[in-house]
Amino acid sequence: MSAAVTLWSKHMVKSIHNQMEMTGMLIQPILWVVLFGVGMGSLLGPSMPGGEDIYITFMLPGIIALTASGGAIAGGSTWLNERLQGIVKEYLAAPIPRLSILMGNALSTVSKGLIQSLIILIVGIIVGANITSNPLGWMGGLVLVAGFTLGFAGIALSMASSTDNMGAYHSMIMLLNLPLLFLSNALYPLETMPTWMRIGALINPTTYVVTGLRYMLLENGAEFAKVDTIPLWLCFVAITIFTALGMWLASSAFKKSLK
Amino acid sequence: MSEASKNNLVIEARGLVKRFGQEILAVDGVDLAIEANTIYALLGPNGAGKTTPIIMLTTLLEPTEGSAKVAGFDVVMQANDVRKTIGVTFQETTLDKELTGRQALNYHARLYGMSKDQRQAKITELLVLVELEDAADRAISTYSGGMKRRLELIRGLMTDPNVLFLDEPTLGLDPQSRARIGDYIVELKVNRGMSVLLTTHYMDEAEQLSDKVAIIDHGKILIEGRPSELVDQMGADVITIAGQGNRDDFIEKVNDLSCCETITTGNGIIQIGVDSGSRRLVEIISLANERGFTVEDISVAKPSLGDVFLKYTGRQFRD
């Protein structure tokens, strides 16, 4: 565990010292909320009961999920970079558990994802989203975000362990990322979708993190969430399974890459 | 006491084989017996299979066949014990260039569980050793090749290893940097009692630094010994001849001469190891004339490890 913490701290220190990465990490979620949320809100809001603010409140959990998956993808490319530059050899020659090497990467990815989620929530409140003031709601929401980020980071890490080509990694991961976002209830409610899309959305973990976040984070969250008729407990179960699956994928691809 | 420390071997390998897929046989049955407190050099052309034994001995890859012990620990069954006792410098740089030199050393030592005080003391000591104090707080991306190599060398020393593996420690460096790294390596053996296994394709380096040399090619060790022993078996002098004509017949007759100790050929050049170059020169030239071989160029020199190397690995290009 202490090795994972060492690698986590190394990744965090590197990110903090990298001004470009920091700027991108902090500004990107703000842009999503302000440009997409406010823009779509003024387009769709008037047609919704309650006006513009309703749409921003509705889609804020979706932006959090999107940002978390973006962070997981970046974590995968950090890992691929360390493999390509031979940095992983230093870890492999050290007397540390093999899996702590992956854990260090996953921990820093989750930490960054949580920081970004907090920024989104604060910016969301500023632009008028209706966020709960209940600390338990925030805690539960962050747990869901952490689980979702870990699961997605697992997928990204497994892909980054299976290729030696940064371009190939990014095109594969984009192929996965797009349907994960759009084939979910992140941007539009399930009931408005055609049946085939709804089936897709129901096997997509993004749907469960987004629904769970609506329950936990939004004022009157249950009102928003119940549209999709997914109970809160199911969100936690689905995200737990997704986390476990992601971690399993990552560790088996990593072990395979050591042969 | 483990068996290895009783007979004073720090590295013991038996029948090491490494295959990558069906096609590539990188290591083809390597045996090693390296004594404590010695510098041992694996010498070979590019692609000869010098690096893969190091990768296996440092526990990064498991051997396909065979077994090996480092400091008495099995590299597969007791990999973590091996990792605790060794230091490694890989052929390609494994430095994280966004870190400063000091950060790189500090994180490395943290992975080995060293306390903060131990780490700071060691970092200060080692930076002085390789004269990197002034650059320690700069990003590694600003370092020259020689500075990176020195930093990697001391990174491997942070944990006071018993056995140090250096894969091409001086590849691509200028002569000044090479000489300094060579000095450090000898100092580690003499003053700190370390055992060093290094690979190189610089003959002079192997000859000056190492107590023992193994020449490796096509994944096999061709010959092993003290550099002076290997050079001595080439004969007292080497006569190098370039020429044209009835070559095979000439070589055959030279081989029959009692003064001829070794003969190496390839790419139009013939090298003959003899007991005394100046005395045998005339004899060999007249033999060439007799056999219809026209000598275009001839020289006499003391043999070097390079001559031994070429004798065993041939002269064709490698990549």
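## Where chains A and B meet

In this predicted model, 23 residues of chain B touch 25 residues of chain A, with contact meaning heavy atoms within 4.5 Å. Local features here need pLDDT of at least 70, side-chain atom pairs count only at pLDDT 80 or more, and totals for chains, interfaces and linings use all residues. Residues are numbered from 1 along each chain as its sequence is written, chains are lettered from A in the order in which they are written, and side-chain values use heavy atoms, with hydrogens and water left out.

**The interface**

- The size of an interface is often given as the accessible area lost when the parts come together.
- Between chain B and chain A, about 2,100 Å² is buried, and carbon and sulfur atoms give 56% of that (the accessible area, 1.4 Å probe, that two parts lose on being put together, summed over both).
- Four salt bridges are counted between chain B and chain A (a side-chain nitrogen of Lys or Arg within 4 Å of a carboxyl oxygen of Asp or Glu).
- Asp96(B) pairs with Lys10(A) in a salt bridge, with 3.3 Å between the closest N and O atoms.

**The largest cavity**

- There are three cavities of 30 Å³ or more; on a 1 Å grid over the protein atoms alone, a cavity is a set of points where a 1.4 Å probe fits but cannot get out, and lining residues have an atom within 4 Å of a point.
- The largest has a volume of about 80 Å³, volume being the space filled by probe spheres set on the points, which are joined across faces, edges and corners.
- Its lining includes Lys89(A), Glu90(A), Phe90(B), His108(B) and Arg155(B).
- Two or more lining residues each come from α4 (87–93) of chain A and from β6 (86–89) and α6 (145–157) of chain B; helices (H or I, at least four residues) and strands (E, at least two) are DSSP runs, numbered from the N terminus.
- By class, this lining has five nonpolar, four polar and three charged residues (Ala, Val, Leu, Ile, Met, Phe, Trp, Tyr, Cys and Pro are nonpolar, Asp, Glu, Lys and Arg charged, and the others, Gly among them, polar).

**The second largest cavity**

- This one has a volume of about 60 Å³.
- Of its 13 lining residues, Lys10(A), Glu90(A), Ala104(B), Tyr107(B) and His108(B) lie nearest the centre.
- α4(B) gives the most to this lining, with four residues.
- The lining has seven nonpolar, two polar and four charged residues.

Terms used. On a 1 Å grid over the protein atoms alone, a cavity is a set of points where a 1.4 Å probe fits but cannot get out, and a pocket is an open set with protein on both sides within 12 Å along at least five of seven lines; lining residues have an atom within 4 Å of a point.
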